[in-house]
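Good morning, and thank you for the time.

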2 protein chains.
Amino acid sequence: MTDTVQEWQLAARPVGRPVPGDFRLVERELPTPAEGEVWVRNTFLSVDPYMRALMSAEETGSLAYALDRPMTGGAVGEVVVSRAAGLSPGDLVLSDLGWRTAAVAPAGRFTRLRRVEGVPDSAFLGVLGMPGLSAYVGLTEIAGMRPGDTVFVSGAAGAVGSLAGQIARLRGAKAVLGSAGSAAKVEYLTGELGFTAAFNYKTGPVRELLAEAAPDGIDVYFDNVGGDHLEAAIDALRPNGRAALCGAISGYHDTEPAPGPRNMVELVKKRITLRGFEVGDHADLQPRFAEEMGGWLAERKITFRETVEDGIAHAVDTFLGLMNGRNTGKMVVRI
Amino acid sequence: MTDTVQEWQLAARPVGRPVPGDFRLVERELPTPAEGEVWVRNTFLSVDPYMRALMSAEETGSLAYALDRPMTGGAVGEVVVSRAAGLSPGDLVLSDLGWRTAAVAPAGRFTRLRRVEGVPDSAFLGVLGMPGLSAYVGLTEIAGMRPGDTVFVSGAAGAVGSLAGQIARLRGAKAVLGSAGSAAKVEYLTGELGFTAAFNYKTGPVRELLAEAAPDGIDVYFDNVGGDHLEAAIDALRPNGRAALCGAISGYHDTEPAPGPRNMVELVKKRITLRGFEVGDHADLQPRFAEEMGGWLAERKITFRETVEDGIAHAVDTFLGLMNGRNTGKMVVRI
């Protein structure tokens with residue numbers, strides 16, 4: 001137990017791909033909890049692709065990171081001291097007070113978690129957390145996947161993609177296709193996760209690789225990548241096809257906007273729907289998700305991997321590795 | 001009454017912008033109606049932007065025009081001879097047997113029309129026909145327009161756009177904005193059709209013109225144009241905005257696919273939905289549309305214009321003029 005906190009601040013707004021010098025690790029005294037506040041020691045920090053957007057000057061949303069302030073992000077921790085009703089020392093909690101070793105904040109910033117047998121605490125940042133809910137909401141609500149659909153997931157070895165593909169399988173997809181950035185990840189998709197087929201998008205034009213994997217086309221596209229993946233998927237989508245746009249990691253570092261899909265006219269011809277979503281809008285589905293996902297985990301129907309790196313000092317390296325695809329499954333930092 | 005027919009055939013597949021030499025006017029004997037068939041003399045032929053797509057080699061749908069065969073398209077006509085139950089000489093009928101002066105075909109190819117007081121027969125090709133239903137379906141079903149929405153319509157002086165804007169106004173839009181290709185058309189939109197504001201897209205970048213017309217953004221976009229209009233609309237759409245993609249006339253002549261919107265990542269950030277549609281999928285809404293549109297016409301709440309050209313010999317010129325924006329409102333050929 002310590003009464004200092006180490007926290008990462010954004011020191012400069014990245015131009016293009018972030019570099020270590022854009023960040024600064026700061027140590028400071030932790031304040032004493034006031035009435036209604038809680039002191040939480042973080043045990044796992046989340047790094048996620050969406051954080052790249054929050055670092056940009058163009059990002060004007062309320063979540064954008066301020067310079068020279070601690071960054072936010074998902075974190076799992078344990079209550080050390082509580083001066084609030086409903087939380088006690090030892091409680092496991094989720095918060096958005098990541099990128100730091102500990103936090104003192106009003107109790108309302110923390111959600112108490114119930115440990116799940118056989119599942120590590122870090123899973124609340126992945127399969128049971130925001131990535132899991134993103135996969136669930138995107139596939140079932142946004143894309144309206146139905147049994148018998150052929151589903152294509154890009155970035156399918158990542159935290160969200162690996163779950164989207166498995167949920168598609170469990171929900172009765174006719175075929176589940178995935179793309180990933182290495183042969184080992186492709187093997188993971190078809191060997192461990194039960195994808196019908198998968199390809200390494202670095203080995204050729206995505207359009208050709210997808211056409212080969214799905215000669216009869218696809219009904220649903222779950223997009224984590226954007227760019228040429230989205231263009232290829234529009235080509236492959238069958239009439240009345242639907243795409244859930246969850247992220248566009250391929251374009252997150254662009255300093256100039258990349259050209260968009262050249263085949264937008266296909267949206268009219270094939271009556272295609274593209275729908276962007278943010279998981280935060282769908283908190284109402286959390287209970288249904290937790291129940292269904294909890295059941296799949298208990299029955300061992302869902303597999304998940306985590307890429308765990310140790311130490312607050314490596315949080316930035318870990319994030320930069322994520323943006324380079326170093327992860328398989330959810331990437332977290334263990335404190 | 002004549003027993004010959006003049007009909008337009010596709011003589012060559014246009015490369016880029018169609019030219020008169022791509023078409024051929026042929027005269028031939030009209031066959032005698034067999035049992036179950038009807039002889040119809042066409043009085044109005046429709047020319048529509050979607051026909052450009054059907055002329056292309058890339059178009060593989062069942063509606064694509066075959067070379068050296070009469071082209072199809074909306075037509076209003078009168079029954080001359082009937083050998084089928086349910087249709088009698090003098091009946092007004094709608095068919096897809098356009099681009100010709102007359103047709104002999106099974107009765108099932110014709111829909112009997114009931115004339116509407118004060119509305120010309122040609123209206124069944126426009127305000128009461130496919131363009132009207134497109135505007136109605138696109139706005140209400142595809143874009144899910146709600147009272148209080150700010151709505152932007154591109155190509156707003158055209159057959160579909162001019163109706164989409166008026167339906168938006170009648171359905172309680174907060175503001176209706178339109179783009180068109182000349183100062184006279186802009187004046188038509190704000191002066192006659194009740195658009196809140198409009199701009200001539202040839203006078204500057206669409207993105208800037210739209211931002212000026214809609215400084216607070218838009219909720220719904222009705223797209224008849226594609227290209228830079230779609231990119232500008234994605235920029236202007238507010239969170240949870242919706243776009244109905246009805247057509248993309250800006251790209252119909254491209255021999256190389258045009259670059260797509262460079263701001264697709266905004267679809268995720270703003271939870272935007274883009275949805276292409278074809279009116280033919282929504283025939284179930286025809287009765288509801290006919291009733292509501294009929295009511296608006298009777299109460300003179302909907303204004304429509306037609307650009308009428310005379311003579312089968314001018315059908316191709318008329319179509320080429322449409323593709324150059326020579327029309328205001330629905331463009332038809334009177335036989």
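A salt bridge, as I use the term, is a side-chain nitrogen of Lys or Arg within 4 Å of a carboxyl oxygen of Asp or Glu. By that rule, the structure holds 40 salt bridges over all chains. Please keep in mind that this is a predicted model, in which local features need pLDDT of at least 70 and side-chain atom pairs count only at pLDDT 80 or more, while totals for chains, interfaces and linings use all residues. Residues are numbered from 1 along each chain as its sequence is written, chains are lettered from A and ligands numbered from 1 in the order in which they are written, and side-chain values use heavy atoms, with hydrogens and water left out.

I turn to individual pairs. In chain A, the side chains of A:Glu141 and A:Arg288 form a salt bridge, with N to O at 3.1 Å. A:Glu141 belongs to helix α2 (residues 130-142) and A:Arg288 to helix α8 (residues 286-298), so the pair ties together parts that are 147 residues apart in sequence. Helices here are DSSP runs of H or I with at least four residues, strands are runs of E with at least two, and both are numbered from the N terminus.

A:Glu141 is partly exposed at 36%, and A:Arg288 is partly exposed at 40%.

In chain B, the side chains of B:Asp149 and B:Arg242 meet in a salt bridge at 3.5 Å, N to O. B:Asp149 sits in the loop between α2 and β8 (150-153), whereas B:Arg242 is in strand β12, 93 residues apart. Both B:Asp149 and B:Arg242 are buried.

Next, the interface. Contact means heavy atoms within 4.5 Å, and 28 residues of chain B are in contact with 28 residues of chain A. The area buried between the two chains is about 2,200 Å², with carbon and sulfur atoms giving 61%; buried area is the accessible area (1.4 Å probe) that two parts lose on being put together, summed over both. The rule finds two salt bridges across this interface. One joins the side chains of B:Arg271 and A:Asp281, at 2.5 Å from N to O. On the side of chain B that touches chain A, the elements giving two or more residues are β12 (237-245), α7 (265-269) and β13 (273-276).

How does β13 of chain A relate to β13 of chain B? Three bridges join the two strands, which run antiparallel; strands count as paired if DSSP finds at least two bridges between them. Within this pairing, A:Arg275 stands opposite B:Thr273.

Finally, strand β9 (residues 175-180) of chain A. Six of its six residues are buried, so the strand is largely enclosed by the rest of the structure. A:Ala175, A:Leu177 and A:Ser179 point one way from the strand, and A:Val176, A:Gly178 and A:Ala180 point the other way. Four bridges join β9 to strand β8 (residues 150-153) of chain A, and the two run parallel. There, A:Val153 stands opposite A:Gly178.

How values were computed:
Buried means under 20% relative accessible area, exposed over 50%, partly exposed in between (1.4 Å probe, protein chains only).
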